[in-house]
Amino acid sequence: MIKLQGIRKAFNQGRDNEYWALNGIDLHVEANKVTALRGPSGSGKTTLLTIVGCLARPTVGRVSLMGEDISGLPERFLTEIRRRRFGFIFQQFNLIKGLSALDNIILPGYPTGRPRHELLARADELLAGLKLGHRREAKVEWLSGGEQQRVAICRALINDPELLIADEPTANLDSHLAREFMAILRDLAAQGRTILLTSHDPLVVDSAVVHRVVDMRDGKLQGGR
Amino acid sequence: MKLWLEKQRYLIDYTLASLARRKARNLGLLLVYTLLVFMLASVTLYTHALRQEAARVLASSPEVIVQRMVAGRHDLIPPGYMEKIGRIRGVQKMEGRLWGYYYDTVTRANYTFMVPAVSVPANNEIIVGPALERSRGLARNNGVTFRSYSGKLHSFVIAEVLPQASELVSADLVLMSEENFRAFFDYPVGHYTDIALSVANPQEVRNVALKLAAALPDARPILRDEVLRTYASIFDWREGIVLALLSAAILAFGILAWEKASGLSAEEKREIGILKAIGWETGDVIKMKFWEGLLVSLTAFLVGFVAAYVHVFHFAAALFEPVLKGWAVLYPRFQLSPHIDGVQVATLFFFTVVPYAAAVLVPIWKAAITDPDTVMRG
Amino acid sequence: MRSADCALLFLSVAIAAFAFCFVDAALLRAAALPDEAARSEMVTQLRLTDLALFTEARYTRHPSQADLHSAFQDHPLALEHFPTGSLIGPPRHLLKLGAGETAP
């Protein structure tokens, strides 16, 4: 589904503190599979995720999505791809405070201009699927960590993306909630979504839900299972 | 089109929700903003309408008034003076005016005593302006006594009270017969306060004035144009003073708005990053903020202007009354006819709405073009 | 009701009220015409030259007829006494020296 070829990414290029976070990555993220990136912090996992998720562009190398080269596309098209094809679950959840769970979930639908009742119906369906229907009107800052993450998952799914990207999804959860998350992940994978996540939590990477684990260190891939 | 509208509604939804998060602060800002527009609009509406009123009403005042000056002061017109003017060509009619001021110790107010040219009251009868009716509680057929400057008491019967509609020009008038006037002020026979000239051809007025000045070096002709100009500029000055006072408020508001709009908090920056990461375009973020600026500034402008309109034209600019009244005991009650200057309204709009919208947009521009991947790395 | 629709409705009402101000102004103007005609008539008949806005001093009651050097007419160093004097502003000939609009 996504092919990365010779990806390198530099920060502060040309300055004294120039730093290469990625050093030549070749990776094929297969469709309808759950792929996990594993590695210590600073290994470039998150940077790789931002490149796959079209949040950032590689300094060197090519990214192709469904056979189409997208690394050279202008910002507007990347945004469009991000909106239609990707769902993001951030480590800090990144919900907008002051808005209700429902309003947070439908935010990615705003730029599409889809009718509000459609968006709301879809959001309610997603909330019900994650057993969170009773919290729909609650402001997100009043939700527990697990509830916040489930809201974030709903938000990632509102535009029905093919690909889900999750950055350290269990880092802020206890084991019980982490297991619940893995159950949700399994259902999502069963629905045929492609999932790419980073984690160094054994509960995630050793799980049977994850089809493939890729190890990373110092901005390079190191095999895996 | 429908899609576009739906998108804008979403953006408004979002911007309202984010305004609602800092409700007290944003409502306070909106209130101050609205008040500012209200004050500015009240001043401009009031002064423009009053200037219009003066221009229209005083357009019927005499073409030329001739005063005689003695040692730089307005003095009485002596007998024989008018005959000298009569020889100037272009002068159609010439009338001596009799008028003067009287300070009434009862009400501590100044009245303008005057002898009308037509419908002169009978002896010992007077016609009074509406403000006198109020301040001294006078009504038709009442008697009233004034002590003249020579110390003698003069009693009059009120024959009529001038209509309230004319109050703006007649509030403090006391009209009486020539005989009464001369007796009251000890005005020597043949003397006049000044002379009103009618000039047939409007183009001739300036020539007449020049000839007058040449023939009578001690005369000071006051042209109707000058009267009109006096009133055209009278409130420019006043407006300037109000604006000078308001400029402090405007500056304070500017600082407040700038601080609020440009001091983008870390929280807001983070939110913009999130919105971009989940698929909002830079343009969407800017449009969303544009709506914020527009909603706030347009609300302030419209509400402020409408309130100012109602204040000036339905409540007779009641808030300005203490300022305008000054020490005048006889303040005319009048309802201005609403003349609105479109250019002034447009100027007001431009100077209140545009700066705020810009102050909101400029910083967001900078924030919105940052890379969306910052949310992942934060 | 949805908040965006509330806001747009409010704005529409405000714009309508703004527009109505101009309609109302036209109506009031039309209604005030007879009174205005009466005022003009009175100005003609009585040969009036000024508005009776500020009646407390000679130069504020009749600014267009005031002596050339009022408000300093009583003494060159006399300070302005009446508050409205500050509202009316200095005579034009003092602001526009040499404009030649007022003979002596």
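Predicted model: local features only at pLDDT ≥ 70, side-chain atom pairs only at ≥ 80, totals over all residues.

1. Of the 104 residues in chain C, 31% are buried. If you take the contacts in chain C between residues at least 6 apart in sequence, 34% of them link residues at least 24 apart.

2. Now for how the chains meet. Two pairs of chains touch, and the pair with the most contacts is chains B and C. Chains A and C, by contrast, do not touch, and 10 Å lies between their nearest C-alpha atoms.

3. The contact between chains B and C involves 65 residues from chain B and 56 residues from chain C. On the chain C side, helix 1 (3–46), helix 2 (58–61) and helix 3 (83–88) each contribute at least two residues. Helix 1 of chain C provides the largest share, with 25 residues. Sorted by class, the side of chain C that touches chain B holds 30 nonpolar, 14 polar and 12 charged residues.

4. The contact between chains A and B takes 24 residues from chain A and 23 residues from chain B. Helix 1, helix 9 (266–277) and helix 13 (374–377) of chain B each give at least two residues to the side that touches chain A. Helix 1 of chain B gives the most, nine residues. By class, this side of chain B has 12 nonpolar, two polar and nine charged residues.

5. Ala17(B) sits in helix 1 of chain B, and, leaving aside neighbours within four places in sequence, it is in contact with Gly98(A), Leu99(A) and Asp103(A). Is Ala17(B) buried or partly exposed? Ala17(B) counts as partly exposed because it has 16 C-beta neighbours inside 10 Å, where 20 or more would be needed for a buried residue. Along the chain, Ala17(B) and Leu223(B) are 206 residues apart, and their C-alpha atoms are separated by 62 Å.

6. Helix 1 of chain B also has a partner within its own chain. Helix 1 (residues 2–21) and helix 10 (residues 282–313) of chain B pack at an angle of about 65 degrees, and their axes are 9 Å apart. The crossing of these two helices of chain B is right-handed. From helix 1 of chain B come Leu11(B), Ile12(B), Tyr14(B), Thr15(B) and Leu19(B), which meet a set in helix 10 of chain B that includes Asp284(B), Lys287(B) and Trp291(B). By class, this helix contact has seven nonpolar, one polar and three charged residues.

7. What does the domain assignment give for chain B? It gives domain 1 (2–58 + 230–377) and domain 2 (63–226). Taken over C-alpha atoms, the centres of domain 1 and domain 2 of chain B are 48 Å apart. In the contact between them, eight residues of domain 1 of chain B meet 11 residues of domain 2 of chain B. The domain 1 side of that contact has five nonpolar, one polar and two charged residues by class.

8. On to the core. In soluble globular proteins, nonpolar side chains tend to be buried together. The largest nonpolar core here has 170 residues, and those touching the most other members are Cys154(A), Ile165(A), Val37(B), Val64(B) and Val174(B). Not counting residues up to four places away in sequence, Ile165(A) touches Leu49(A), Val52(A), Gly53(A), Phe86(A), Phe88(A) and Leu196(A).

9. Finally, two backbone angles to look at. Most residues other than glycine have a negative phi. Cys54(A), however, has a positive phi near 60 degrees, and lies in the loop between helix 1 (45–52) and strand 4 (60–65) of chain A. Cys54(A) is buried, since 27 other C-beta atoms lie within 10 Å. Ala317(B) has a positive phi too, near 50 degrees, and is found in the loop between helix 10 and helix 11 (321–325) of chain B. Ala317(B) counts as buried because it has 23 C-beta neighbours inside 10 Å.

Notes
Residues numbered from 1 in each chain as written. Chains lettered and ligands numbered in written order. Axes fitted to C-alpha atoms, helices over the stretch in contact; angles between N-to-C directions. Helix = DSSP H or I, 4+ residues; strand = E, 2+ residues; numbered from the N terminus. Left-handed = near helix turned anticlockwise from the far one by under 90°. Contact = placed C-beta atoms within 7 Å. Nonpolar A, V, L, I, M, F, W, Y, C, P; charged D, E, K, R; others polar. Domains from an automatic or database assignment. Buried ≥ 20, exposed ≤ 12 C-beta atoms within 10 Å, placed from the backbone. Core = buried A, V, L, I, M, F, W, Y, C linked by C-beta atoms within 7 Å.
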